[in-house]
Amino acid sequence: MSHAIDSLCPTHPVIQALFGGTFDPIHYGHLHPVEALAHQTGLKQVILLPNHVPPHRPQPEATAQQRLEMVRLAVQGNPLFTIDTRELERTTPSYTIDTLESFRQEFGENQPLAFIIGQDALLSLHTWHRWQELLNICHLLVCARPSYQTRLSTIEMRQWLTQHQIDDPALLSSKPNGYIYLADTPLLRISATDIRQRHQQGLSCDDLLSPSVQKYIDSQGLYRQ
């Protein structure tokens, strides 16, 4: 496994942040909001977690190895990002709560740990496996997404958000878990679905993903059908 854990200063804990996705393919809509989030919250490192068998969505078109290679190409030379392959190494559905428990066990109970999601994921969080336990393990950092409402659908969820939401990101390093921070990140109307459709139609995606990823997609003949 490619897990690299930095040594931590006990008096100034560094927030370990995780960002998972199918990344089929990885694009600027994934990376630019997370970079803005890191600037807002002082994150020094974001660990990218390519999913293997996502339980809530259709299976990826690219293979696990192809998606991992695209992630590597997309963040090559960017010191903010590292990659962890533990979800790709599973053959069973990849539940976020299991992955977070794995990281919590590695980092210890006192390490501030954050999981980055989009606004769309926050709105559907109540459908996730054991979602009520997420904040027992980590903080949630939410990136804004275009075309999604901001009001949660149930009273229970709205109360849950009110109970845990913070406005000062400096608080994230003060405890290991339990906070929700809604970040003011750029609203980029980019989706992997649109990119795959554009490739099928022979349209350019140069402004949607990195040139190295585009070159790899072309070399592998991905998303042509």
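1. The crossing of α2 and α7 is a right-handed one, where right-handed means that the near helix is turned clockwise from the far one by less than a right angle, and left-handed that it is turned anticlockwise. Helices here are DSSP runs of H or I with at least four residues, and strands are runs of E with at least two, numbered from the N terminus. The axes of the two helices α2 and α7 come within 8 Å and cross at roughly 150 degrees, which makes α2 roughly antiparallel to α7. The axes are lines fitted to C-alpha atoms, for helices over the stretch in contact, with angles from 0 to 180 degrees between N-to-C directions; angles under 35 degrees count as roughly parallel, over 145 as roughly antiparallel, 65 to 115 as roughly perpendicular and the rest as oblique.

2. On the basis of the model: it is predicted, so that local features need pLDDT of at least 70 and side-chain atom pairs count only at pLDDT 80 or more, while totals for chains, interfaces and linings use all residues. Residues are numbered from 1 along each chain as its sequence is written, and side-chain values use heavy atoms, with hydrogens and water left out.

3. Which residues bring α2 and α7 together? Gln66, Glu69, Met70, Leu73 and Ala74 in α2 meet Ser212, Val213, Tyr216, Ile217 and Gln220 in α7, contact being heavy atoms within 4.5 Å.

4. Met70 is also listed, with Ile26, Val46, Leu48 and Ile116, as having the most contacts inside the largest nonpolar core, which has 42 residues. Such a core is a set of buried Ala, Val, Leu, Ile, Met, Phe, Trp, Tyr and Cys residues joined through side-chain atoms within 4.5 Å, and buried means under 20% relative accessible area, exposed over 50% and partly exposed in between (1.4 Å probe, protein chains only). The elements that each supply at least two residues of this core include β1 (16-21), α1 (28-41), β4 (113-118) and α7 (211-220), and the largest share, six residues, comes from α2.

5. Leaving aside neighbours within four places in sequence, Leu48 is in contact with Phe19, Phe23, Ile26, Val71, Val75, Phe81, Thr82, Ile83 and Asp84.

6. The structure holds seven salt bridges, each a side-chain nitrogen of Lys or Arg within 4 Å of a carboxyl oxygen of Asp or Glu. One of them joins Arg196 and Glu61, with the closest N and O atoms 3.4 Å apart; Arg196 lies in helix α6 (residues 192-200) and Glu61 in the loop between β2 (46-50) and α2 (64-75), so the pair ties together parts that are 135 residues apart in sequence. Arg196 is buried at 16% relative accessible area, whereas Glu61, at 45%, is partly exposed.

7. Asp84, in contact with Leu48, forms a salt bridge with Arg86, the closest N and O atoms being 2.8 Å apart. Asp84 is buried at 2%, and Arg86 is buried at 5%. Arg86 is also among the contacts of Thr99, a residue of helix α3 that is buried at 2%.

8. Glu101 and Arg130 meet in a salt bridge of 2.5 Å, N to O, and the pair links helix α3 (residues 96-107) to the loop between α4 (119-123) and β5 (139-143), 29 residues apart. Salt bridges that share partners join Asp98, Glu101, Arg130 and Glu133 into one network.
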